[in-house]
Amino acid sequence: MGNYFSSMFDRLWGTNKELRILILGLDGAGKTTILYRLQIGEVVTTKPTIGFNVETLTYKNLKLNVWDLGGQTSIRPYWRCYYADTAAVIFVVDSTDKDRMATAAKELHMMLSEEELQDSALLVFANKQDQPGALSASEVSKELNLVDLKDRSWSIVASSAIKGEGITEGLDWLIDVIKEEQL
Amino acid sequence: MSTKTYKKSENQIAGELSDKMTIYQDCMNTFNELPVNAKRCRILISRLLRLLANGETFPESEATALFFSVSKLFQHQDDSLRQMVYLAIKELSSISDDVLMATSSIMKDIQNGSNLVKPNAIRSLTYVLDESTAFSAERLLKSAVVNKHPAVSSAALCTSYHLLPISETTIKRFSNEAQEAIVDLKQFPHSSMDNSEFYPNSTFISQYHALGLVYQLKKNDKMSLLKLVRQFAEANTLKNQLAKVQLVKLVNDLIHRDPQLFTQFQSLLDNWLTNKYESVQLETAKLITSFSINNSHLVSQELYISAINTLRSLLTVPRVTTRFAALRVLNRISINNPEKIMVCNPELESLINDSNRNISTYAITTLLKTGNAKNISSLVSTITKFIHEVSDDFKIIIIDAVRTLSLNFPQEWKSIVKFLIDVLKNGEGGLKFKNSIIEAIIDIVSFIPQSKELVLDNLCDFIEDCEYNEILVRVLHLLGKEGPFTSKPSLYVRHIYNRVVLENSIIRSAAVISLSKFALTKNDPTLKDSIVSLLRRIANDQDDEVRDRATIALELINASENKHSLVAEQLIQSKYYYDLNSLENKLTNYMSANDDSFKTPFDVSSIRKFTEDEVKAMKLKKKQQQAVGNNVENTKDAVVPGTKQTDNRIDNDTYQGANLQEHQEDLLETKYADELLSIEQFKEFGNLINSSKPIPLTEPEAEFVVHAVKHLFKDHVVFQFNVSNTLTNVVLDKVTVACSSEGDNQLEELFTLPIDRLLPNTEAACYVAYKKDEAFAMEGFINILHFTTRELDPETNEPFENDEGFDDEYEIDPIYLTAGDYVKSSFTGNFENTFAELPSEDVAVYNIKEDLSLQEITDKLILNTSCLPVSNTQFAPNDTNSHTLKLFGKSVFNGSKVALVVKMIKSSKGIALKAQGRGEDATLCADLVNNLM
Ligand SMILES: Nc1nc2c(ncn2[C@@H]2O[C@H](COP(=O)(O)OP(=O)(O)OP(=O)(O)O)[C@@H](O)[C@H]2O)c(=O)[nH]1
Ligand SMILES: [Mg+2]
């Protein structure tokens, strides 16, 4: 009964639609850790993702279809196969990995230039803030040239997937934007 | 029907498959829909799989797009959909390179998936892992192997099996787990409800898979394989039928590595012959009978008879596949021991009427081999009826069997020729079938001379109404070749000329050549003028080729007026056949060398020539070896599940054509001869008269493998030693073989040619040359391989500068120049007459103490004398204690004939041989008779 009502309710409010969200970023940035933090609220031990993980989760009454793609060089070319119908991209950056900020920036801009992603919102996690020497969110933002982005809702949030900090804040922002712009 | 319109898909199978592009589009749309509609996706995947199973493929870009769309279905948690997704991934993996992208998802399912999807996930690992990623699945796979659920465990075992060649190091660590899985009787978890006798709760198939994997892991370790057999043979731990069959195959493998082990397995095998599973009985009977082909002295008479009885009883079981399999085994036995399965004849005869055509055909071909002089004609009449009812493929099998039969029972040629002519004229069938009949007939004419006239007469009739050019041409050739030597050549001339009048230009051309061969016939000198006038008429033919051939033929016939010119004889009725391999080789060289724009004519004199009888002997010998060779091959049955059967000829057992290996041997022989003759020092020895087959002088797994070839010249002998260096980091310098005579110094050593440097993994030849004074010099030599070894610098692939190397030697087997080296096989259509006519005679008696079977002695005699076994005496029956072998050959020098009759009797003391030889050359005959062993 309860289910019946809630689905009626969803339909009335137009919220039964599943939202596709991609989590991208270089290898070891913490994408898989964030995905499972979101789904089961715990830190899981991960292995480098060869391929992808996909989980469906409900967040604030919204059904999210979250795709975490592997970030290794050999897998990045395949990202584009999963761009279609994406409501938002979460781009995860390892804030301690200063050497590869340029690479991350390059991958980010290349991805955003794709036609299929023109309407998706962007949330950047400046991850691993719990580590000493991590760049701050604004430093990461600078490294990634985020200010250059035009015609796109974006935000950068400092996070630590291990400690569970920043993740919900980031997601709350994302959901709000999506609700506003796309539903 | 008429409303049906043309669809864009071209290769549609009667509208059964929907359009490939429609399915592709449907898949792409549906798989990418949100939310996923699991049911629709499942149906679409099954359509896609059906397309792929029917052999359709997609271009790579579409396959890739499909793969990614399918991969997106991982977001849906429905187990049935997931199973379909795995099936699709496995299929698409062969056309798209992107399967890698499924890895993480697969791993996750293996870890956390339900028991329904786990096996599918595990099995798909084979397609995504490679050498570098296999280790990442180690822990998962290992725990799946010991999983209690039989389907999960089986999947893991099979996957490990397939990954073994990809990542041996990883899978090697599963040995204990796999071993454990053999013993573990895993059952499906189930509710109490479905625990009924109709639904067995396990087939225990994982035992089979586990055994297969364990075998692969231990196959190089004889001791642990033996232990494995002991562990499972007695105790009743193996419940699965296939696992039991596997165990039989394991025993098969062991006894082929070490035949002496057979004795200790006898009682076990005897037991298995009455196992409750037909497949176990069958495999065991197959093992015993095929092992016995080369090891008959190790197999007890009783066991062999039990095996045959088992097979016999399997011929009457209801299961078609079992009947077929049993028949197949019997058929193999029939190839060289037909007498052993004669007890099955009643069952075989009733199988002729089996509704399964494979079985009835096999039954007939088997019967044709077990047939004896008494029942051949009745058999032939049975097949006359039968052959009109089966398809061409089966017809060809039967014709081939009849062809073998005719060679085995030459005295029965009349009924066989009648049969063949009948099917040739009246049988329905395509070119291949008719061609196989003609081939059988050509065999009969060339090996059974008495049949010649009857066959030719019938063929003349046949060509009056023959629809195939190819066959007509062959028949015309045969008429031209054999016709001039018959009693009434003019009859054939008439028939051939009719073709010139009535047929197309291809046939006319063939007829011209055929006609011209009659011009020189000695049997009817009056023919010449008629042929000339016929040819003159033909010389006005409208076709160029026909005209040209007629003109050349006339020219040659004119030339024959001149008694001293042999050109006509040589070209019109050639008595020689060139060695085609060497001819081809030399021609290619000639063409490519071409330094003086072909001013120097091509020289054919250096190419080996064979006489007709030699060619026949070679052909017959090949046929004989093939019959045996087939069997040797078949005994090496694979012990591994899933190994591919490579030979897919349906007529394997009767197929007589040249095989690749044989062809390669021929080529090798030619190559050796050409190499030898291109060496300056040997040029003055004159023509190469004969070369032996390569003789191994070391174990095949030795570090330096040596083969010897004996080359004979008129006054010289050359030993060629082919040395191959199997080491990877050592070069051999100055390689020679020192041969020291064992005795009577009939040969005088002239010089040796060393191999200057033998690099790793290469083969080269060194030579030792002798002068021989006696025509048939015989001598044995003890051989020592001498060389200097030097270590190789892996950087430069040259020996290290400062490495002096050190001299080493290595004893290899001795080599013998024997009487047999002066003989080559030759054919005679009537051995008894030939034997009686030969002038000088010699007799020798031998007593052999070694424990050899009559067959082994026979094989040895054939080898040692280089003669052709005739009248089908190359097979020694092993149910009696005596055998007579008839051998025929010719001197390699002048072609003088020798014939041998060797009687052998086996008793408890050994084997007694009495050899009676007759020949044109007394010395050769005596040498041969006195040096048989
Ligand atoms: N200290 C710290 N470590 C983190 C954090 N997030 C992730 N990690 C660690 O970083 C490593 C890589 O994390 P993953 O989630 O597997 O990285 P990924 O982005 O999925 O990597 P790929 O699958 O190879 O693309 C793991 O050892 C995580 O425990 C974080 O916020 N702080
Ligand atoms: Mg990951």
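Start at Thr33(A): a polar atom of its side chain sits 2.5 Å from an oxygen atom of ligand 1. This is a polar contact, meaning a pair of N or O atoms within 3.5 Å; within protein, one must be able to donate a hydrogen and the other to accept it, and residues adjacent in sequence count only if both atoms are side-chain atoms. The model is predicted: local features need pLDDT of at least 70, side-chain atom pairs count only at pLDDT 80 or more, and totals for chains, interfaces and linings use all residues. Residues are numbered from 1 along each chain as its sequence is written, chains are lettered from A and ligands numbered from 1 in the order in which they are written, and side-chain values use heavy atoms, with hydrogens and water left out.

Stay with ligand 1. One of its oxygen atoms is 2.7 Å from a polar backbone atom of Gly71(A). A nitrogen atom of ligand 1 lies 3.2 Å from an N or O atom in the side chain of Asn127(A). On its own, ligand 1 has 650 Å² of accessible area, and the protein covers 82% of that. Such areas come from the Shrake-Rupley method with a 1.4 Å probe; for residues, only the protein chains shown count as cover.

Which residues surround ligand 1? There are 20, and Lys31(A), Thr32(A), Thr33(A), Thr46(A) and Gly71(A) are the closest. A residue is near if one of its heavy atoms lies within 4 Å. Helix α2 (residues 31–40) of chain A gives the most to this shell, with 3 residues. Helices (H or I, at least four residues) and strands (E, at least two) are DSSP runs, numbered from the N terminus.

Now turn to the magnesium ion, ligand 2. Its protein donors are Thr32(A) (OG1) and Thr49(A) (OG1), at 1.9 to 2.0 Å. Donors are N, O and S atoms within 2.8 Å of the metal (3.2 Å for Na, K and Ca); water is not among the atoms, so sites may look incomplete. Thr32(A) lies in helix α2 of chain A and Thr49(A) in the loop between α2 and β2 (52–59) of chain A, so the pair ties together parts 17 residues apart in sequence. Are these two threonines buried or exposed? Both Thr32(A) and Thr49(A) are buried. Buried means under 20% relative accessible area, exposed over 50%, and partly exposed in between (1.4 Å probe, protein chains only). Thr32(A) has 12% relative accessibility.
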